[in-house]
Amino acid sequence: MPHILIVEDETIIRSALRRLLERNQYQVSEAGSVQEAQERFSIPTFDLIVSDLRLPGAPGTELIKLGQGTPVLIMTSYASLRSAVDSMKMGAVDYIAKPFDHDEMLQAVARILRDRQSAENAAPDRPASKAGAAADKAIAGNSNGEIGIIGSCPPMQDMYSKIRKVAPTDSNVLIQGESGTGKELVARALHNLSKRAKAPMISVNCAAIPETLIESELFGHEKGAFTGASAGRAGLVEAADGGTLFLDEIGELPLEAQARLLRVLQEGEIRRVGSVQSQKVDVRLIAATHRDLKSLSKIGQFREDLYYRLHVIALKLPALRERGADVNEIANAFLARQSARIGRSDLRFAADAEQAIRHYSWPGNVRELENAVERAVILCESPEISADLLGIDIELSDLEDDDFVGLAPQPGNTSHEPTEDLSLEDYFQHFVLEHQDHMTETELARKLGVSRKCLWERRQRLGIPRRKSGVASES
C-alpha cells in the first residue's frame with residue numbers, strides 16, 4: 001500500500017485530504033509544516049509527498065530536497081499558480097490548484113505513483129518487467145498504457161494512432177469534442193509522448209479566469225502595469241517555456257488575448273502587459289474546445305487567423321455514445337475504482353444495468369458515466385447494481401434485445417459502403433440513406449447494431465427523415 005505524506009497547515013484541508021486518500025486505499029501520514037515533518041518522519045521513506053506551497057517557516061519546495069528523490073506534488077491557490085510552476089522547475093513532479101476536485105487529486109496521485117513504479121521497474125538497459133507492463137495494460141486498456149485512455153473501438157484506435165504520430169512533433173494541436181469526453185487526457189498523452197515530456201505541461205482553463213485577468217495570467221505583467229501590480233510577474237506562457245501549454249476551452253478566450261496568443265505562435269515571443277520589450281519563448285501549444293471555432297470565426301467571435309494557426313493538427317474525440325462497447329469497459333473500470341474506495345469486491349452490474357449503460361446516450365459523456373457509477377456504488381445494498389441505481393433516464397422496454405455493437409458493418413454484411421474514410425456519423429447517414437427504401441426500421445437498426453430507439457434519436461440529430469415509400473411502414 002503506497003504511503004503518502006501530507007504537509008498542510010490548514011487543519012480542515014489536511015483532514016479532508018487524508019480521509020479522501022485513506023478511502024482510496026492509501027496509507028497516510030500528515031504534518032502541519034516542513035519542520036514538523038522532519039521531526040516526526042523519515043521523509044525519504046514515503047512514496048509521495050503532497051504539500052502546500054506556502055507553509056509556516058520553510059516553503060513546501062524544501063521537501064523536494066529533503067525527499068531525496070521522493071516525488072512531491074505541490075498544492076497552491078490559483079493566484080499563486082506561477083509560483084507552483086517555479087516549484088516544478090525546482091524539481092516538484094506536478095502541481096494542483098486549490099480548490100481542487102477530488103477526482104482531479106486522485107488522478108494526479110495515481111498517475112505520479114504509477115510513473116514512479118514504472119521508472120523503478122524499467123532499468124536503463126532492460127525492458128520493464130512483465131508485471132509492470134501488465135499493470136500498465138490493465139490501467140490503460142488494450143495495449144495503450146503509454147497513452148492512458150481506456151477503450152478499443154475503431155475511432156479510439158484511430159485516435160491512438162494519431163496521438164503517436166503527432167506527439168513527437170512540435171505542431172500545434174486542436175482537440176475537439178463534447179464536454180466530458182477526456183480532452184485533457186489526450187493533451188497529457190501528447191505531452192508525455194513528446195520530446196518535451198520532462199519539461200512542464202501548464203494547463204489553463206480559459207473559462208475559469210476572469211476576463212480582466214486573463215492577459216496578465218497568460219502573458220505576465222510589469223510593475224505598475226495596472227492597479228495592484230506592485231511587482232512584475234511572469235505569465236503562464238513564459239512558465240511553459242521549453243514545455244507544453246494546454247489551453248482548455250480556448251473558445252472562451254477574449255479577442256485581445258487571442259491577438260497576443262497569435263503573436264506567440266507566429267513569432268515565438270511574448271510581451272508582458274505594460275512592457276515594451278519582447279522575449280522569446282519556446283512552447284508547444286495544445287488547445288481544446290467543445291465549440292465550433294470555425295463558425296465562431298465567421299461571426300467575429302474568434303480570430304480566423306488564430307483558428308488556422310491552431311488547426312495544424314485537429315483531433316476529434318468521439319462522444320461516449322459513439323464508442324460502442326467501450327462504454328461498458330469504462331463503466332467497469334469506474335466500478336472497480338469506486339468499489340476499492342469503499343472496500344468492496346463483490347459489486348457487479350446487473351443485466352439491465354449493462355443494457356442501460358450500453359444504450360443510454362450519455363450527454364455528459366465520461367464524466368456523467370463516472371458520476372452515475374459512483375452514485376450507484378454508494379447506494380447499492382446488494383452485490384448487483386441495477387439500472388435504477390444508475391439513475392439513467394431511459395426506458396429499457398424501448399430497447400431491442402439485440403446486443404449493441406456500435407455503428408460498424410456486421411459479419412456477413414455484403415454491402416459495399418466505402419466505410420474506410422467515413423466517420424461514424426457519416427457511415428450511419430450513408431447506410432440509412434442507401435438502405436431505408438428496402439429495409440424496415442427494425443432491419444436497419446439490427447444491421448447497424450443499435451436499438452430502434454437509438455436509430456430514431458440519431459435520425460433526429462442528423463436530420464434524416466424516414467421515407468414513406470419503398471417498404472411497409474412499421475407501427
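1. A residue is called buried when its relative accessible area is under 20%, exposed when it is over 50%, and partly exposed in between (1.4 Å probe, protein chains only). By that rule, 47% of the 475 residues of this protein count as buried.

2. Some ground rules come next. This is a predicted model, in which local features need pLDDT of at least 70, side-chain atom pairs count only at pLDDT 80 or more, and totals for chains, interfaces and linings use all residues. Residues are numbered from 1 along each chain as its sequence is written, and side-chain values use heavy atoms, with hydrogens and water left out.

3. Now the overall build. The protein has 20 helices and 14 strands. Helices (H or I, at least four residues) and strands (E, at least two) are DSSP runs, numbered from the N terminus. The accessible surface comes to about 22,900 Å². Carbon and sulfur atoms own 49% of that surface. Accessible areas here come from the Shrake-Rupley method with a 1.4 Å probe; for residues, only the protein chains shown count as cover.

4. How do contacts span the sequence? Contact means heavy atoms within 4.5 Å. Take the contacts between residues at least 6 apart in sequence: 65% of them join residues at least 24 apart.

5. Look at helix H15, residues 351–359. Its buried residues are Ala353, Ala356, Ile357 and His359.

6. Leucine 310 sits in helix H13 (residues 304–310). How much relative accessible area does leucine 310 have? The value is 0%, so leucine 310 is buried. Not counting residues up to four places away in sequence, leucine 310 touches Asn172, Val173, Leu174, Ile250, Leu265, Leu285, Ala287, Leu293 and Phe302. Leucine 262 is 48 residues from leucine 310 along the chain, and their C-alpha atoms are separated by 9.2 Å.

7. Next, charge pairs. Side chains of opposite charge can pair when their charged atoms come close. A salt bridge is a side-chain nitrogen of Lys or Arg within 4 Å of a carboxyl oxygen of Asp or Glu. The whole structure holds 23 salt bridges. Arg14, Arg18, Glu22 and Glu30 are linked in a network of them.

8. Aspartate 170 and arginine 196 form a salt bridge through their side chains (3.0 Å, N to O). Aspartate 170 lies in the loop between helix H7 (154–166) and strand S6 (173–176), and arginine 196 in the loop between helix H8 (183–192) and strand S7 (201–205), so the pair ties together parts 26 residues apart in sequence. Aspartate 170 is partly exposed, at 36% relative accessible area. Arginine 196 counts as buried, at 7%.

9. Glutamate 238 and arginine 272 also meet in a salt bridge (3.1 Å, N to O). This pair links distant parts of the chain, 34 residues apart: glutamate 238 is in helix H10 (residues 236–239), and arginine 272 is in the loop between strand S9 (269–270) and strand S10 (279–280). Both residues are buried.

10. A further salt bridge joins the side chains of arginine 323 and aspartate 326 (3.3 Å, N to O). Arginine 323 is buried at 3% relative accessibility. Aspartate 326 is buried too, with a relative accessible area of 2%.

11. Arginine 284 deserves a check. This residue lies in strand S11 (residues 284–289). Arginine 284 is buried yet has no salt bridge. Which side chain of opposite charge is nearest to arginine 284? That is aspartate 170, 5.3 Å away. Lys and Arg count as positive and Asp and Glu as negative; His and the chain ends are not counted. A polar atom of the arginine 284 side chain does lie 2.8 Å from the backbone oxygen of serine 171. Leaving aside neighbours within four places in sequence, the contacts of arginine 284 include Asp170, Ser171 and Arg196.

12. Aspartate 52 is found in strand S3 (residues 48–52). An unreviewed UniProt entry places the feature "modified residue: 4-aspartylphosphate" at Asp52. UniProt annotations may be inferred rather than shown by experiment. In the model, aspartate 52 is buried, with a relative accessible area of 7%. Beyond neighbours within four places in sequence, aspartate 52 is in contact with Val7, Glu8, Asp9, Gly60, Met75, Thr76 and Lys98.

13. Last, arginine 111. Arginine 111 lies in helix H5 (residues 102–121) and is buried at 16% relative accessible area. Not counting residues up to four places away in sequence, arginine 111 touches Asp94 and Arg188.

Notes:
Polar contact = N/O pair within 3.5 Å; in protein donor to acceptor, adjacent residues only side chain to side chain.
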